[in-house]
Amino acid sequence: MENIIEVKNLTKKYKNLKAVDDLSFEVKKGEILGLLGPNGSGKSTTINCLLSLLNYQNGSIKIFGEEMTPTSYEIKKQIGVIFQEIAVFEELTVYENIDYFCGLYISDKSLRKSYVMDAIKLVGIEDFINFYPKQLSGGLKRRLNIACGIAHKPKLIFLDEPTVAVDPQSRNNILDGIKKLRNDGATILYTTHYMEEVELICDRIIILDKGRIIASGTSDELKKLANIEEKITVEVTNMSSSILENIKKFKTVDSVTYDRNVLSIIYRKGKNNLEELMDYLKENKVSYNKIFSERPTLNDVFLELTGKGLRDAI
């Protein structure tokens, strides 16, 4: 497949700090690439270098097969950028905002009108085109922000935390819109701290830490990196310290936590862990309400590789 982004040996230093350290990766045409990492991992610096908003000391960046520079205006016309901070004009209506940003790239009025309406429909704000941003909820304002960034139908889209602090309906709408953009041919670089979103929409994932790639692959490929066989969670109302200590001594148990009536057990191996635990709880007359067994999650992988849960690391 064609590479839309090619990064080779990228290095960006701030005095004695290497924010990006000899970084190399590609993004394929029509792919949604999830870029994850804790604070200070180099995500923002990498994106700003890709957009030629920062100078860098070493390496090369190609977008659409051409070197990306501050004066690569033809390349930039084909890029849409939606940062986490909402950037719209409060004195313009929803329609006027989208029309303004689209007009920076599309001069033909009839074509621009069609593009603006396509963007409005994509993010599901047809009923609010005459509203001003101050009249919109947080979720609707984020949808507007996305529409402004993609109205000119860019081939490459950078999305930075597009669903932060939005209601579930807006989140689902935004994620559906992102998948439709990909299905319509756009290539997307996506950052978020919601692992369920990454699993849902990203074709491939890169985890950065200290300016370097520490893991990359599909969701399933990354999960295989976790040194965890199974995770069992139980809602327990009468867990004594002695029973808790005995569970920690189970042969295949790696770690046990008990907080707010929730017992969480991590197993490194074993095939009958759930059966063993349920038998033990029954024998010791420990009552429980719900019990869940799951394979390693992306957040487990992230935690193991970086020492932090993703939500804590952003």
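Q: What places Arg182 in a helix, and which helix is that?
A: Arg182 is found in helix H6, residues 168-183. Helices here are DSSP runs of H or I with at least four residues, strands are runs of E with at least two, and both are numbered from the N terminus. The model is a predicted one, in which local features need pLDDT of at least 70 and side-chain atom pairs count only at pLDDT 80 or more, while totals for chains, interfaces and linings use all residues. Residues are numbered from 1 along each chain as its sequence is written, and side-chain values use heavy atoms, with hydrogens and water left out.

Q: Why is Arg182 called buried?
A: Its relative accessibility is 19%. Buried means under 20% relative accessible area, exposed means over 50%, and partly exposed lies in between, with a 1.4 Å probe and protein chains only. Arg182 therefore counts as buried.

Q: What is Arg182 in contact with, leaving aside its neighbours within four places in sequence?
A: Contact means heavy atoms within 4.5 Å. By that test the partners of Arg182 are Gly30, Ile32, Ile188, Ile201 and Asp203.

Q: What makes a set of residues a nonpolar core, and which residues have the most contacts inside the largest one?
A: A nonpolar core is a set of buried Ala, Val, Leu, Ile, Met, Phe, Trp, Tyr and Cys residues joined through side-chain atoms within 4.5 Å. The largest has 44 residues, and Ile98, Ile178 and Tyr190 have the most contacts inside it. A second, separate core has 25 residues, including Ile5, Leu51, Met68 and Phe158. In soluble globular proteins, nonpolar side chains tend to be buried together.

Q: Why are strands S2 and S5 said to stand at the edges of their sheet?
A: Four strands form an open antiparallel sheet in the order S2-S1-S4-S5. S2 (17-28) and S5 (66-67) each have a single partner strand, so one side of each is left without a neighbour in the sheet.

Q: How do you know that S4 and S5 pair?
A: Two strands pair if DSSP finds at least two bridges between them. Two bridges join S4 (residues 58-63) to S5 in the antiparallel sense, so the pair meets the requirement of at least two. Lys62 stands opposite Glu67 in S5.

Q: What makes strand S11 largely enclosed by the rest of the structure?
A: S11 (residues 230-236) has seven residues and five of them are buried, so the strand is largely enclosed.

Q: How many bridges does S11 make with S13 and with S14?
A: S11 and S13 (residues 262-267) pair over six bridges, with Ser264 of S13 as the bridge partner of Thr233. Five bridges join S11 to S14 (residues 288-294), where Val236 stands opposite Tyr288. S11 runs antiparallel to S13 and to S14.

Q: What makes the backbone of Lys153 worth a remark, and why is this residue called partly exposed?
A: Phi of Lys153 is positive, about 55°, although the residue is not a glycine. Lys153 is found in the loop between H5 (138-150) and S7 (156-160). Its relative accessibility is 42%, and so Lys153 counts as partly exposed.

Q: Is Glu161 buried or exposed, and what is its phi?
A: The relative accessible area of Glu161 is 6%, and it is therefore buried. Glu161 is found in the loop between S7 and H6, with a positive phi near 50° in a residue other than glycine.

Q: Why is Ser137 called partly exposed, and where is it found?
A: At 37% relative accessibility, Ser137 counts as partly exposed. Ser137 is found in the loop between H4 (109-123) and H5. Ser137 and Val166 are 29 residues apart in sequence and 8.8 Å apart in space, C-alpha to C-alpha.

Q: What makes helix H1 mostly covered?
A: H1 (residues 43-50) has eight residues, six of them buried: Lys43, Thr45, Thr46, Ile47, Cys49 and Leu50. Just after H1, Ser52 takes a positive phi of about 60°.

Q: How many of the 314 residues of the protein count as buried, as a percentage?
A: The buried share is 47%. The protein contains 12 helices and 14 strands.
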